[in-house]
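Visitor: I have a few minutes and a list of questions. Can we walk through this one together?

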Amino acid sequence: MRVAAQYSEPAMAPLPTPLSEPVDAAAGRPFVARAGRWLARLREGASASACVVCERWQAQPLCPACRQRFGAPRSRCRLCALELPGAAAEICGACIRHPMPLQASVTAWSYAYPWDGLITRFKFHGAVDLAAPLADALAESVQDAWRAGWLEPPDLLLPVPLSPQRLRERGYNQAWELTRRLARRLHLPAHPQALQRLRERTPQAGLGRAQRLHNLAAAFVVAPAARPVLAGCRVALVDDVMTTGATLSEAAATLQRAGVAQVQAWVLARTPAT
């Protein structure tokens with residue numbers, strides 16, 4: 001089932017006004033040549049940046065060397081994305097004993113250096129410019145899972161929402177910043193408000209899974225207008241970090257009660273098992 005995309009493109013800087021040739025073409029040739037070289041340098045400079053990890057100047061905001069050094073693919077549980085000790089297993093023991101209401105989970109990295117620092121900057125310190133390279137890395141992990149055949153493309157992407165109070169405090173929802181970039185790159189529809197968070201309770205940091213689940217009880221609701229759209233859909237929930245999975249489990253259960261057929265979790269980083 002495919003649904004219409006509902007996301008807004010980030011603001012784009014206006015393109016430079018094209019230069020006009022002078023009336024005297026002969027006299028203007030040096031000027032046109034200099035302008036062409038200037039525009040070429042401008043385009044070249046716009047495509048280069050410093051790697052957000054090693055700060056070396058190169059063509060990508062997250063360089064291949066750092067991604068290989070700190071983010072090499074790992075064998076992970078296909079339901080909760082926890083790292084597995086061997087490549088033979090597909091599901092961890094915890095998910096066999098107590099499965100979450102998620103049909104699949106995919107992550108780019110473990111929540112460790114340097115990704116923990118980047119995500120903290122992105123989430124709490126207004127570094128929204130990190131959304132693009134972070135979303136690109138997650139998109140590649142998703143595409144790897146598609147190619148491997150164990151993850152199905154969803155019908156719709158949804159961000160894990162913030163409460164109105166937390167959204168006012170922070171000024172943006174980091175999950176939506178990731179979601180809208182993933183939607184554009186993977187050519188999938190996304191909806192920013194189909195799933196809503198009614199309120200924030202005690203901060204989740206430092207709480208165990210049982211405490212988190214109690215803290216999140218009745219925290220989410222599906223917008224009434226979105227129910228017909230969501231019925232029978234395969235949905236991917238997008239968030240920055242999965243710690244115990246309590247937030248994503250509660251959000252997934254809320255969506256399934258509203259008629260969603262399948263819920264996946266796409267997260268930048270997964271906290272290692274303790």
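Visitor: Is Trp 266 buried or exposed?
Guide: This is a predicted model, and the values are computed from it. Buried means under 20% relative accessible area. Trp 266 has a relative accessible area of 0%, so Trp 266 is buried.

Visitor: How many aromatic pairs does a search of the whole structure find?
Guide: A pair of aromatic rings is described by the distance of the centres and the angle of the planes. Ring centres must lie within 6.5 Å to pair. The search of the whole structure gives a total of 3.

Visitor: What kind of pair do Trp 109 and Trp 115 form?
Guide: Their centres are 3.8 Å apart, with 5 degrees between the planes. Planes under 30 degrees apart count as stacked. Trp 109 and Trp 115 are both buried. Their pair is stacked.

Visitor: What kind of pair do the rings of Trp 146 and Trp 266 make?
Guide: The centres of Trp 146 and Trp 266 lie 6.4 Å apart. Planes over 60 degrees apart count as edge-to-face. The planes of Trp 146 and Trp 266 stand at 65 degrees, so the pair is edge-to-face.

Visitor: How many residues apart in sequence are the parts that this pair ties together?
Guide: Trp 146 lies in helix H5, residues 131–148. Trp 266 lies in strand S8, residues 262–270. The pair therefore ties together parts whose separation in sequence is 120 residues.

Visitor: How does Trp 146 count by relative accessibility?
Guide: Buried needs under 20%, and exposed needs over 50%. Trp 146 has 22% relative accessibility, so Trp 146 counts as partly exposed.

Visitor: Which element gives the most residues to the largest nonpolar core?
Guide: The largest nonpolar core has 38 residues. Trp 109, Leu 157, Leu 182 and Trp 266 have the most contacts inside it. Elements giving two or more residues include strand S3 (104–110), helix H4 (115–124) and helix H7 (174–186). The top contributor, with 8 residues, is H5.

Visitor: How many residues are in the second, separate core?
Guide: Among its members are Leu 156, Leu 158, Ala 219 and Val 222. Leu 157 belongs to the largest core. The second core is separate and has 33 residues.

Visitor: Which tryptophan does Leu 157 touch, not counting residues up to four places away in sequence?
Guide: The partners of Leu 157 include Thr 179, Leu 182 and Ala 183. Leu 188, Pro 189 and Ala 236 are also among them.

Visitor: Where is the place of Pro 114?
Guide: Most residues other than glycine have a negative phi, and most peptide bonds are trans. The bond from Tyr 113 to Pro 114 is cis, with omega near 0 degrees. Pro 114 sits in the loop between S3 and H4.

Visitor: Is Glu 55 buried or exposed?
Guide: Glu 55 has a positive phi, near 65 degrees, and is a residue other than glycine. Its place is in the loop between strand S1 (49–50) and strand S2 (57–58). Exposed means over 50% relative accessible area. Glu 55 has 64% relative accessibility, so Glu 55 counts as exposed.

Visitor: What is the relative accessible area of His 187?
Guide: His 187 is not a glycine, yet has a positive phi of about 60 degrees. His 187 lies in the loop between H7 and strand S5 (195–197). His 187 is exposed, and its relative accessible area is 69%.

Conventions: Residues numbered from 1 in each chain as written. Predicted model: local features only at pLDDT ≥ 70, side-chain atom pairs only at ≥ 80, totals over all residues. Heavy atoms only, no water. Phe/Tyr/Trp six-rings, centres within 6.5 Å; stacked < 30°, edge-to-face > 60°. Buried < 20%, exposed > 50% of the residue type's maximum accessible area, 1.4 Å probe, protein only. Helix = DSSP H or I, 4+ residues; strand = E, 2+ residues; numbered from the N terminus. Core = buried A, V, L, I, M, F, W, Y, C linked by side-chain atoms within 4.5 Å. Contact = heavy atoms within 4.5 Å.
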